[in-house]
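Morning, everyone. Please bring up the sequence and the structure, and we'll walk through them together.

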Amino acid sequence: MIPYRAPLDDLRFVLHDLLEVESLFATLPACSPVDRDLLDAILEQGAHFVEDVLAPLYQSADAEGCHFDPASGEVRTPKGFRAAYDQWVEAGWNGLTAPTDFGGQGLPEVIGAVIKELVDSGNLAWGNYPLLAHGAIEALRHHGEPWQREVFLRPIIAGTHTATMCLTEAHCGSDLGLLRTRAEPQADGSHAISGSKIFITGGAHDLTRNITHLVLARLPDAPVGSRGISLFIVPGLRTGRDGVEGEANAVRCGGIEHKMGLHGSATCVMHFDAAQGWLVGEPHRGLAAMFTMMNTARLGVGLQGLGLMQRAYENAVSYARDRLQMRAPGGAKFPGRVADPIIVHPDVRRMLLTCKALVEGSRALALDGAALLDVIAHAPDADARRQADELLSFLTPIIKACLTEWSNEVVNLALQCFGGHGYIREAGMEQLVRDARITTIYEGTTGIQALDLLARKTLQTQGVGLKHVLTRIVEFCSAETGNAALTEFIAPLAQAAQDWQQLTLEIGRRAAANIEEVGAAAVDYLLYSGYVTLAYWWARSVAAADRGSQDAAFRQAKRETARFFFQRILPRTRSHAAAILSGAGTLMSLPADSF
Ligand SMILES: Cc1cc2nc3c(=O)[nH]c(=O)nc-3n(C[C@H](O)[C@H](O)[C@H](O)COP(=O)(O)OP(=O)(O)OC[C@H]3O[C@@H](n4cnc5c(N)ncnc54)[C@H](O)[C@@H]3O)c2cc1C
């Protein structure tokens with residue numbers, strides 16, 4: 001595997017030329033002190049940390065994996081992880097975007113998202129340990145009592161505790177309404193939590209002395225189903241309201257999973273045996289509180305997909321420039337060499353351009369999502385905050401599911417560029433394929449994200465989020481109508497937006513007659529939405545590059561990649577539309593016992 005190099009040019013382009021974050025921050029008082037120089041300095045420091053500390057551990061951690069001691073229930077992470085975590089904490093990365101009231105640096109979410117992309121390119125398994133701190137901070141900030149924020153937020157932000165998210169049980173994954181873990185009220189106001197959770201990321205490890213678990217459980221009088229779930233803080237060390245940490249809590253790791261990829265990330269079975277737990281927010285309203293954490297984590301997993309795509313793409317380009325096989329179809333392009341590098345072949349270019357178009361388009365989409373978080377948190381105008389919230393709520397399942405689906409496509413295409421060498425461990429490409437596979441599953445599968453997008457975020461809201469996206473597209477197209485350099489993109493983009501609206505109305509009409517049409521259309525609708533959203537970002541990227549200060553080669557690369565996207569990837573929407581319009585019958589007619 002070639003050494004990872006952070007894509008600084010493209011990141012600076014997206015931040016400064018495409019999203020124009022400095023102008024955005026000027027409208028958000030809490031972010032206004034953050035200028036371009038500060039952002040670039042953070043970006044460069046982050047790139048150094050990932051290139052020098054995290055990325056070199058990527059392959060060794062995969063080969064070594066995590067170690068579980070059944071006698072003590074302790075987990076040891078791969079060599080180098082703990083030292084890297086100490087450096088991460090000492091340098092202040094853990095609290096980068098966390099609130100200053102609790103010891104964080106209060107920097108904009110968009111820069112946090114940039115650093116997250118870098119970390120996940122460098123070492124996804126390592127990145128999973130600090131990952132859930134961000135969501136836990138949000139959940140406790142919004143739903144925790146003041147004493148809980150004082151006692152539990154500070155150490156998570158400081159990085160002396162990591163956080164977990166404990167939802168899944170053996171019989172309950174997507175359907176949380178089935179969960180059985182119990183919470184019994186105690187005389188001191190705490191609860192005794194009992195039950196077993198599976199697949200808990202970072203449930204046990206040796207990076208910090210304490211771990212704060214956020215656990216979903218049922219109170220004795222809880223209604224059945226998802227309306228009867230409450231959220232609890234379960235500290236690894238028993239902790240009272242005074243914040244004093246005592247003996248070990250009754251929570252224990254019962255084992256770690258042996259899994260396809262992410263070997264450096266401990267995926268734990270966790271047993272709670274009347275463990276001390278503190279209720280967060282209202283009884284039976286735990287799912288709403290957990291959704292605060294899950295939405296943040298969903299954007300985070302989308303960024304994981306992006307990080308993996310970038311690493312795979314870099315490797316594929318480097319290999320395609322070096323590997324010599326056959327001559328270019330039109331005759332030798334490098335006559336001084338025994339054969340031409342494979343980058344001359346049209347099919348290798350198809351693979352590389354697909355990777356480039358999906359990686360760079362996804363970066364724009366994901367960082368825009370993170371910038372919306374800043375608007376939601378800091379815009380002085382309530383209407384602007386509400387609109388950003390509606391927009392991001394619609395975009396979140398697209399960012400989570402499309403970026404991870406595309407990540408699987410990209411890492412596989414990048415491996416394919418290596419031929420047989422891609423299948424061999426040393427090249428590192430098969431690790432990227434194994435690691436990417438989980439991203440479409442955890443934090444809600446693609447199928448579940450698709451239902452969220454189509455049923456909850458579109459049909460149930462009369463398309464409020466979709467309207468915001470379409471308005472953005474229409475406004476951009478109108479503003480650029482007179483720009484001859486963009487004509488080739490504007491007309492198909494405007495058409496795609498119109499078709500998207502019509503398709504949504506048609507699904508709504510069909511769903512009114514047959515509710516199965518929603519589930520039957522959902523994943524195709526999600527991908528359709530993803531491709532049109534990416535078309536918007538590609539058209540805007542060309543416009544921004546034309547106006548920006550990058551060199552001619554950068555501008556040309558944006559334009560050629562946008563052409564490739566519009567002519568060879570955007571047409572995928574047609575097959576998704578055809579699948580949707582074929583209706584639910586083709587999926588539902590075959591009886592279950594005839595498969
Ligand atoms: C490595 C790893 C780390 C994880 N980390 C955590 C963690 O930290 N905390 C945690 O709580 N959990 C974690 N999980 C669990 C993960 O979130 C679940 O695996 C995931 O939500 C899916 O649940 P499930 O595996 O039970 O699949 P199921 O819910 O059984 O789904 C099986 C299949 O059925 C589909 N399906 C189910 N219901 C529907 C429906 N209504 N409509 C359409 N399709 C449907 C799904 O899309 C999927 O394809 C982790 C899992 C892994 C493997």
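At what angle do helix H3 and helix H6 pack? About 5°, with their axes 10 Å apart. Keep in mind that this is a predicted model. H3 covers residues 36-54, and H6 covers residues 109-143. Angles under 35 degrees count as roughly parallel. The two helices, H3 and H6, are therefore roughly parallel to each other.

Who makes the contact? On the H3 side, the residues include Leu39, Ile42, Leu43 and Phe49. On the H6 side, they include Ile111, Val114, Leu118 and Trp126. By class, this contact of H3 with H6 has 13 nonpolar residues, three polar ones and no charged ones.

Next pair. Helix H14 is residues 487-513, and helix H17 is residues 572-581. Their axes come within 11 Å and cross at roughly 15°. That makes H14 roughly parallel to H17. The crossing of H14 past H17 is left-handed. From H14, Leu503, Glu506, Ile507 and Arg510 take part. They meet Ala577, Ile580 and Leu581 in H17. Sort the H14 and H17 contact by class, and you get five nonpolar residues, no polar ones and two charged ones.

Now the ligand. Which of the 18 residues around the ligand come nearest? Met165, Thr168, Ser174, Phe199 and Thr445.

Terms used
Residues numbered from 1 in each chain as written. Predicted model: local features only at pLDDT ≥ 70, side-chain atom pairs only at ≥ 80, totals over all residues. Heavy atoms only, no water. Axes fitted to C-alpha atoms, helices over the stretch in contact; angles between N-to-C directions. Helix = DSSP H or I, 4+ residues; strand = E, 2+ residues; numbered from the N terminus. Parallel < 35°, antiparallel > 145°, perpendicular 65-115°, else oblique. Left-handed = near helix turned anticlockwise from the far one by under 90°. Contact = heavy atoms within 4.5 Å. Nonpolar A, V, L, I, M, F, W, Y, C, P; charged D, E, K, R; others polar. Near = heavy atom within 4 Å.
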